[in-house]
Amino acid sequence: MTIFWITLSLIGVIVFILQMISSTWDFLSVIIGPLIGAFAGVVLGVIANELWRRRLARHRKLFFKNLLLTEINRLIKIYEEDKYELLPIDGWSSLLNSGDIALFKDDATKLNETYSEIQWYNSELKILRATVEREYIEIRDSKEVEPKTRRSEILRKFTSERKTDLLEKMLGAKKLLN
């Protein structure tokens, strides 16, 4: 009979331990299940956000690359026509002001050099135009003959000094953007 009671008590202890483990497991599964789900959701959300951010960055870079390429082509066309016009750099200004110049990393320095030259050209051309206009008015008021000849000589000298350097830089920027 004692073996019966010992066996029964051992079975009771085992059942009690199993119930405790089962209830503890149920308790832990109630807590751990949602925690694992929430953690997995956060991790997947961060990964999806990073992939979306990279996709947007690629699209922004492609947009600005096309914008600058179109602008460079227009600049080369205007520059080769020898019309002494200011070269528009709105696309470059847009890229700088948006802060997306960082998308171009290594190319940013080379593009900046080209556009700095274009800005220098524009500022020199503004000064030159003002000088030519002032001289033209002085010549016109003094009734001197052929003021247009002096004007074209000044512009030709300015263009011949700058033309090849700036054109090479613009062609280099075009090659860089292709």
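Hi everyone, a definition to start: helices here are DSSP runs of H or I with at least four residues, and strands are E runs of at least two, numbered from the N terminus. This is a predicted model, so local features need pLDDT of at least 70 and side-chain atom pairs pLDDT 80 or more, while totals for chains, interfaces and linings use all residues. Residues are numbered from 1 along each chain as its sequence is written, and side-chain values use heavy atoms, leaving out hydrogens and water.

Let's begin on helix α1, where valine 43 sits. Valine 43 is partly exposed because its relative accessibility is 33%; the class lies between buried, under 20%, and exposed, over 50%, with a 1.4 Å probe and protein chains only.

On to the rings, which pair if their centres lie within 6.5 Å, using the six-membered ring for Trp; planes under 30 degrees apart are stacked, over 60 edge-to-face, the rest tilted. There are two aromatic pairs. Phenylalanine 63 and phenylalanine 64 are edge-to-face, because their centres are 5.1 Å apart and their planes at 70°. Tryptophan 92 and tyrosine 115 are stacked, at 4.6 Å and 5°. Tryptophan 92 is in α2 and tyrosine 115 in α3, so this pair ties together parts 23 residues apart in sequence. Thanks, everyone!
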